[in-house]
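This report describes selected strands, a loop and a pair of helices. Please keep the sequence and the model in view while reading.

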Amino acid sequence: MKSCIAVDVGGTKMLVAQVREDGSVVHMRRYVTAGKKKEQVMEEILLNIRDYEEKEGWEGGKMPDRIGIGVNSMVDIKEGLWLPNWDWEPTINLVERVEKELPVRCFIENDVKAAVMAECMFGAARGCSDVLYLNIGTGLAAGSIVNGKLVRGSDNFAGEVGYTNFTYGQDVHTEMHASGMGLAYQARARMHLYPGTLLRSKIDGGVTGHDVFAAAEQGDALANALLEDLVKSSALLISNIVCVLSPEICVVGGGLISNGQLLERIKKAMLPKMLMHLEKGVVLTQLDADYAGLMGAAAVGLGCQEQYC
């Protein structure tokens, strides 16, 4: 069975695995990226692949001839570039660097755009040609397939829906309502309105999604207000994207949504007319939230990028 090397490069960790075309993982290893500069992470991609080779080996005794790499920033797939998230970061020709060092064809992709391809190959969107994938995790981003092709836009910015704003610029952008960062931001901003909140003890270390869910289960008013805000913002965002793209299905994933607690609330907050235009509905991802990035990288390495781009 065909397989590829899959590398998921995140802000705190890197996953390296060999993944078969049916989505099964041969072996996987985890490495730390937290606090490391981009140039160092680039070198460690190569080092970690060699470490994986030494520790796990390759199925069949030979390195796969393709590798998919997902990164949490914009990319230029034509030039093989890993683009900066911030002005001070460098642009790195990741594909050229990898192919110079390893006997592989290398494919690079933004992690959320890779995830929508993984949903089409392994997950809830199999057989669909018009797909919206919304990732509600630490941040907020989307990937879209329209008429069987991935939407990139003129400069690869398509899908950065966290920057949308439905308040005429009078409030922060949507990501600061509907994401892990947003929950932490809103908890701090509204703390003075809820003097007895259970979240007060968490504020110095940074409020997490887990903190908010736990407090909400205990009836905490601030936590429930934050989750209601996330639900309404997510429902409004999906509804607006449906008006623009009219996808068959909306797949929702990411760490804040993976347990499914909020999905029904998001669907109920959407206008019935919007749901009517989603033939296959708003559904929870079938990919494990912890490994969605890895499966996205695998989908890219196994040929989805060539199919959908």
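How many residues lie between S2 and S3 in their hairpin, and which residue in the turn has a positive phi? There are 4 residues between these two strands, and Gly23 in the turn has a positive phi of about 90 degrees. The model discussed here is predicted.

Strand S2 covers residues 13–20. On one side of the pairing pattern is strand S1 (residues 3–9), which pairs with S2 in the antiparallel sense over 7 bridges. Asp8 has Leu15 of S2 as its bridge partner.

Is S2 largely enclosed by the rest of the structure, or left open? Of its 8 residues, 6 are buried, so S2 is largely enclosed by the rest of the structure.

## Glu21 in the loop

The loop between S2 and S3 contains Glu21. This residue is partly exposed, because its relative accessible area is 37%, a value between the limits of 20% for buried and 50% for exposed.

Which residues does Glu21 contact, once its neighbours within four places in sequence are left aside? They are Met1, Lys2, Met121, Phe122 and Leu302. For Glu21 and Val244, which are 223 residues apart along the chain, the C-alpha atoms are separated by 33 Å.

## Helices H4 and H6

A pair of packed helices is described by the angle between their axes and by the distance between those axes. For helix H4 (residues 180–190) and helix H6 (residues 221–245), the axes come within 10 Å and cross at roughly 135 degrees. H4 is therefore oblique to H6, since an angle between 115 and 145 degrees is neither roughly perpendicular nor roughly antiparallel. The crossing of H4 past H6 is right-handed.

Which residues make this contact? H4 contributes Leu183, Gln186, Ala187 and Arg190, while H6 contributes Leu222, Ala225, Leu226, Asp229 and Leu230. Sorted by class, the contact of H4 with H6 has 6 nonpolar, 1 polar and 2 charged residues.

Key. Residues numbered from 1 in each chain as written. Predicted model: local features only at pLDDT ≥ 70, side-chain atom pairs only at ≥ 80, totals over all residues. Heavy atoms only, no water. Axes fitted to C-alpha atoms, helices over the stretch in contact; angles between N-to-C directions. Parallel < 35°, antiparallel > 145°, perpendicular 65-115°, else oblique. Left-handed = near helix turned anticlockwise from the far one by under 90°. Contact = heavy atoms within 4.5 Å. Nonpolar A, V, L, I, M, F, W, Y, C, P; charged D, E, K, R; others polar. Buried < 20%, exposed > 50% of the residue type's maximum accessible area, 1.4 Å probe, protein only. Pairing = 2+ DSSP bridges.
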